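This report looks at a few residues, one after another. Please keep the sequence and the structure in view while reading.

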Amino acid sequence: MKSIKIILLTLAVIFAFACDRVDLEDVTFDNVIYLSNASSNDTDNLTFRATDESATRTIEVALALPASQNVKAKLKVDMSLVASYGRANYIDNALPLPENVYSLSTTEVEILAGDVRSTPVVVTFENLTEVEPDMTCVLPITIESNDGGVKFLEGSRTIYIVVKQGAIIVTAAYIDGVKLEVEGFSGSGGSVVNGLTELTMEGLFFLNSAEGLNTLMGIEQYFLLRLGDTGYDPAQLQVATSGGSFPSADANKVFSKNEWHHFAVTYNGSTKEIEIYADGRIQSTGTVSGPSTVNFNVANGDWPFLIGYSYDDERFLDGNVSEFRIWNLIRTAEEIEEHMYEVDPETPGLVSYWKFDEGGGSTIKDYANGNDATAANGYASVRWVSVSLP
């Protein structure tokens with residue numbers, strides 16, 4: 001009678017942890033051993049960003065019932081299981097995770113008498129950049145043996161950690177009708193954008209429509225980045241300065257609609273040299289009669305520094321934005337192309353960094369110096385969209 005009660009209790013515990021993974025054969029013994037991570041699902045998806053170098057996971061060995069004595073268990077990485085796992089889950093290109101990408105803190109654990117779980121085993125992932133975007137790598141970790149004669153719960157004996165490179169950016173802001181103000185620029189925080197003899201301005205945008213003018217950021221009639229103008233295609237990037245505009249209208253320099261693009265503008269106030277980059281590549285280079293020193297902390301007449309708006313209500317940006325930045329130096333072509341989707345906020349020369357990754361509200365954090373951008377009253381609120389970039 002006691003044995004029957006134990007079996008029934010075991011069955012209840014197993015169902016609580018793994019109601020959809022129980023085999024009658026697994027519950028004909030008084031106790032079972034398994035991986036707690038695999039109790040309801042034998043797959044753990046580790047999706048990392050392209051810029052991530054490392055990550056960790058923890059796994060535990062567990063018993064359905066407390067044991068009367070200590071139980072030692074040995075873990076094993078079994079790459080022979082990758083192919084069958086790939087077939088069972090319709091993954092055509094499942095590959096074993098390279099040995100130099102993972103390590104286990106230990107392969108031997110112990111569950112003490114009266115307890116049901118081992119201390120956690122830490123799985124450390126390094127050199128993740130070796131897993132390229134088109135690769136799906138699998139790390140099968142299984143319980144190889146135990147010294148307590150405890151039967152394995154086969155459906156939860158192995159955890160498959162699936163490692164795949166994912167998107168860097170998953171949230172962006174839709175700012176049509178939104179007037180984003182940076183109040184900090186008019187106060188003490190504006191010192192970081194004052195006296196810029198060199199600068200780089202960059203960001204990501206998605207243009208829904210191309211009509212009239214679409215404002216990116218800057219100060220009207222002083223130093224402003226916008227799309228379109230009289231005589232220009234509404235999707236051509238133009239830098240409008242106090243002394244002129246750059247470049248000339250050119251139908252070959254138009255950004256396509258309904259696609260994400262990266263833009264960058266570099267400017268040298270001493271030489272007046274200016275460059276425009278489109279998706280990491282030089283698009284235009286020349287000179288413009290702009291200011292010798294750019295001061296974004298001072299309003300030009302009635303127009304302060306704004307994002308997504310300038311002059312009047314006909315010049316909003318009808319689209320989505322992400323990763324807007326201002327630098328107090330000229331970024332190289334290599335730096336621009338390498339860091340289109342993310343950059344370390346502590347990078348020297350970065351003075352303003354609005355990631356647009358909040359996912360809610362209408363205040364955009366400045367990760368560089370705390371000069372947050374806020375949607376002005378009387379205008380639309382920021383709307384948030386899910387994206388996958390790159």
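Predicted model: local features only at pLDDT ≥ 70, side-chain atom pairs only at ≥ 80, totals over all residues.

With a relative accessible area of 4%, N371 is buried, because buried means under 20% relative accessible area. Leaving aside neighbours within four places in sequence, the contacts of N371 are V182, G184, F185, G189, V192, W354 and D366.

The next residue, A264, lies in strand β20, which covers residues 260-268. A264 counts as buried because its relative accessibility is 0%. Not counting residues up to four places away in sequence, A264 touches M201, E202, E275, I276, Y277 and I336.

T241 belongs to strand β18, made up of residues 232-241. Is T241 buried or exposed? T241 is buried, as its relative accessible area is 9%. Residues up to four places away in sequence aside, T241 touches Q221, Y222, F223, V288, S289, G290 and P291. The side chain of T241 also reaches the backbone oxygen of G244, at 2.7 Å.

| Pair | Apart in sequence | Apart in space, C-alpha to C-alpha |
|---|---|---|
| A264 and A167 | 97 residues | 21 Å |
| T241 and N31 | 210 residues | 77 Å |

Conventions: Residues numbered from 1 in each chain as written. Heavy atoms only, no water. Helix = DSSP H or I, 4+ residues; strand = E, 2+ residues; numbered from the N terminus. Buried < 20%, exposed > 50% of the residue type's maximum accessible area, 1.4 Å probe, protein only. Contact = heavy atoms within 4.5 Å. Polar contact = N/O pair within 3.5 Å; in protein donor to acceptor, adjacent residues only side chain to side chain.
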